Amino acid sequence: MDLIFSNAANYYYIDLVGMVCKQASIWMLGNQKRSGFVIGLVGASSFVVFGILAESLFAILGNSILAIIYIRGWLCWKPKKHPVD
C-alpha cells in the first residue's frame, strides 16, 4: 500500500488534477454547460505538464490536440434557442 501512495506523488498530483478536471468537463458538457470546455482545458493542460515531467511525447501531443479541441468547442458554442410557444 505504501508503494501506491509513494508513486502517487511522483508528479506532484498533476495527473490527479488532470483526471478530475477531465471527468468534470465531460459531466458539465453532458449537462450542456459551456464552462466544461474551460475545465477540460485545465485538465488537458495538466496532462501536458504531466507528459513533460514523465517525458511522454504522446501524452504531450495528445493532450495538446485535446486542448485545441476544447478551445474550438468554446469558440463554436452557440446557446440553444428555445422555441416560443
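Buried means under 20% relative accessible area, exposed means over 50%, and partly exposed lies in between, with a 1.4 Å probe and protein chains only. The model is predicted, so that local features need pLDDT of at least 70 and side-chain atom pairs count only at pLDDT 80 or more, while totals for chains, interfaces and linings use all residues. Residues are numbered from 1 along each chain as its sequence is written, and side-chain values use heavy atoms, with hydrogens and water left out.

**Exercise 1.** Classify Tyr11 as buried or exposed, or in between.

*Solution.* The relative accessibility of Tyr11 is 25%. Tyr11 therefore counts as partly exposed.

**Exercise 2.** Describe the aromatic pair that Tyr11 and Phe50 form.

*Solution.* Rings of Phe, Tyr and Trp (its six-membered ring) pair if their centres lie within 6.5 Å, and planes under 30 degrees apart count as stacked, over 60 as edge-to-face and the rest as tilted. By this rule there are three aromatic pairs. In one of them, Tyr11 and Phe50 lie 4.8 Å centre to centre with 75 degrees between the planes, which is edge-to-face. Tyr11 sits in the loop between helix H1 (2-8) and helix H2 (14-30), whereas Phe50 belongs to helix H3 (residues 35-54), 39 residues apart; helices here are DSSP runs (H or I, at least four residues), numbered from the N terminus. Phe50, at 18% relative accessibility, counts as buried.

Key:
Helix = DSSP H or I, 4+ residues; strand = E, 2+ residues; numbered from the N terminus.
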